[in-house]
Amino acid sequence: MLDIKKLIKYEYIPNELPPSFNSDLLSEHIEKIIEKLNYEKVKPSKPLIFNGFKTVSSRRRFAIPNPHQYINAAKTLVENQTELFEIFNKTSNSLTAPSNQSTSYAKAYDRKVTNFSEVKKEVKKLYKDNLFGLKLDIQFFFDSIYTHSISWAIHGKKLSKSNTKNFELLGNKIDASIQLLNDLQTNGILVGNAVSRIVSEILLCSVDYEIKKRDIKIDYLRYVDDYFIFTKDRAQIESIISIFREELDKYELVLNENKIEIIESPFVYGKSWVEEIKIYSSINIEKLLEKSIIEYHKYKDISIIKYVLKIIRTNTFTKDEWDSIEPILFNLLIKFPILTKNLVIILKNNFSFVRKTQLKRILYSVIDIHLHLRSDEEIIWIIWMFKSLGLSMSIGYIKKILRSENWIAIIILLDILSERKNEIGIKRELSKFREKFKEEYFAGNAEENMNSEVWLLAYEIDFHKWLNTGGNKNEQFVEARKSPFFKELKSKNISFYDSNYQYELISQGILQNNTYVTRKELINILNELEKDQELTDEEIEEIIISSIDIDENDY
């Protein structure tokens, strides 16, 4: 079942961002906001786009949609879910389509599987007496979705094309709401939010249904756009690929020909490095880290290192133990700053031993490298490390970040600088930034400007008064509240950035040491303690995205 509060609370802000970014407060007030505001004439908006890590050699574009348009799109899906569930329920092949099953996990909507252990379990059920397996996925899936094809999936191409202006048709309503999220673009939908994921399932569940009607002798499951297909007959494989290609082509979707993989039975789930790393996980931490790096060089898979950092992130170490692993961690930080999500907690848990001066030199080097490469996600997490560890930043690097147009990193930086606003140099830089920001983005109609890509930065600046360096009106930034929608949010004290966010401290008695964890991790730990059992190997393996060749960022 689709619920508006859950669609707003969960999976609106991409998981790739630090935990201080959330939509909890918006979710709490969503019903009153919907009642208060007019959704009949919603204007188009530009989302806040940031690029993120996909592989060592490729990037992905994530988006935070403007909340006004996102609420409108979510509302459209919720109000018409009866018709949508008729599509989702036509086949049982999708592991990620919305379902009516009731669960309590923190997701935007219920679906057949909630974690990778369950995916593994479902895929293994298909082995049976099959002799061959086939893995397929769709090339640039979210980026290649043609929004008009949503209506084709719901009503059929013929009816849709003859009624393109009829907005009583559900497909056209959804199409229009998706375009409003992305400046009226019809090619591609935004990556990283629940609404886009539901829309993608409208398309692919329709494809699943058409494949079912072809009556080919296969067993298959789909996880987002990843297909796991099993057959008894090797001679069928080319025909199977051709059928999937044909059905996807009807929606202008294309198979990734370079990633087609054929495997023979007996089948094995996962990758060999998983078991090798597990063997090392019970021995010396230094050896475990070194083993993960050896395996990374062997497989060129950063998930190996992520897995090990996840294992040790709640550890505290002796001084001697820390001295042996700190050089490894620092080297990982400068090579793969995307690992900061885990490294920041490891450093926080052992901060008394950390060589702060050396750490700051490394962080500055990472900033220099990735500002040049325009790697948004890495810069965001590095600035978050400064914030979380309470590290001061030099005025030179403050200037670099303020000039970067990395709006999310700037939000975190302005939060850091809020404690230093009385310093002459900081006050001067904040004033310069305020004037330049107003001149470039708020010279015209304020409401239109709040539908631009700077909406989040402008709103949080106004909400937290970060740029108000004096009593004079010219020394303040109050542009965001000139938009009726954002003025309403501010009146309800809604923010998307928690400036007081702290990692949770778990005291001795629950774990072996005093350790910091995210709030989600704390909830999981407490749930496990209630069950009076430790995490199983399969539950630990849930963090290994690549174990079934699924890219977590696709979903």
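Helices α4 and α10 are roughly antiparallel to each other, because their angle falls in the class over 145 degrees, where under 35 counts as roughly parallel, 65 to 115 as roughly perpendicular and the rest as oblique. This is a predicted model, in which local features need pLDDT of at least 70 and side-chain atom pairs count only at pLDDT 80 or more, while totals for chains, interfaces and linings use all residues. Residues are numbered from 1 along each chain as its sequence is written, and side-chain values use heavy atoms, with hydrogens and water left out.

The axes of α4 (residues 67-79) and α10 (residues 170-181) come within 8 Å and cross at roughly 160°; such axes are lines fitted to C-alpha atoms, for helices over the stretch in contact, and the angles run from 0 to 180 degrees between N-to-C directions. Helices here are DSSP runs of H or I with at least four residues, and strands are runs of E with at least two, numbered from the N terminus. Where the two helices meet, with contact taken as heavy atoms within 4.5 Å, the residues of α4 include Tyr-70, Ala-73 and Leu-77, and those of α10 include Ile-174, Leu-180 and Leu-181. By class, this contact has 6 nonpolar, 4 polar and 1 charged residues, where Ala, Val, Leu, Ile, Met, Phe, Trp, Tyr, Cys and Pro count as nonpolar, Asp, Glu, Lys and Arg as charged, and the others, Gly among them, as polar.

Helix α10 also holds Gln-179, which counts as buried at 14% relative accessibility; buried means under 20% relative accessible area, exposed over 50%, and partly exposed in between, with a 1.4 Å probe and protein chains only. Leaving aside neighbours within four places in sequence, Gln-179 is in contact with Thr-147, His-148, Leu-184, Gln-185 and Thr-186.

We turn next to charged side chains. The structure holds 31 salt bridges, each being a side-chain nitrogen of Lys or Arg within 4 Å of a carboxyl oxygen of Asp or Glu. In one of them, Arg-197 and Glu-11 meet at 2.8 Å, N to O. Because Arg-197 lies in helix α11 (residues 194-213) and Glu-11 in the loop between α1 (4-9) and α2 (24-28), the pair ties together parts that are 186 residues apart in sequence. Arg-197 is buried at 7% relative accessibility, and Glu-11 is buried as well, with a relative accessible area of 9%.

Glu-201 lies in α11 and Arg-222 in strand β4 (residues 219-223), 21 residues apart, and both Glu-201 and Arg-222 are buried. Elsewhere, Arg-214, Glu-246, Glu-247 and Lys-250 are linked in a network of salt bridges.

The backbone deserves a look too. Most residues other than glycine have a negative phi, and most peptide bonds are trans. Lys-128, however, has a positive phi near 40°, and Val-224 has a positive phi near 55°. A cis peptide bond, with omega about 0°, joins Ser-265 and Pro-266, and Pro-266 lies in the loop between β6 (261-264) and α13 (272-280).
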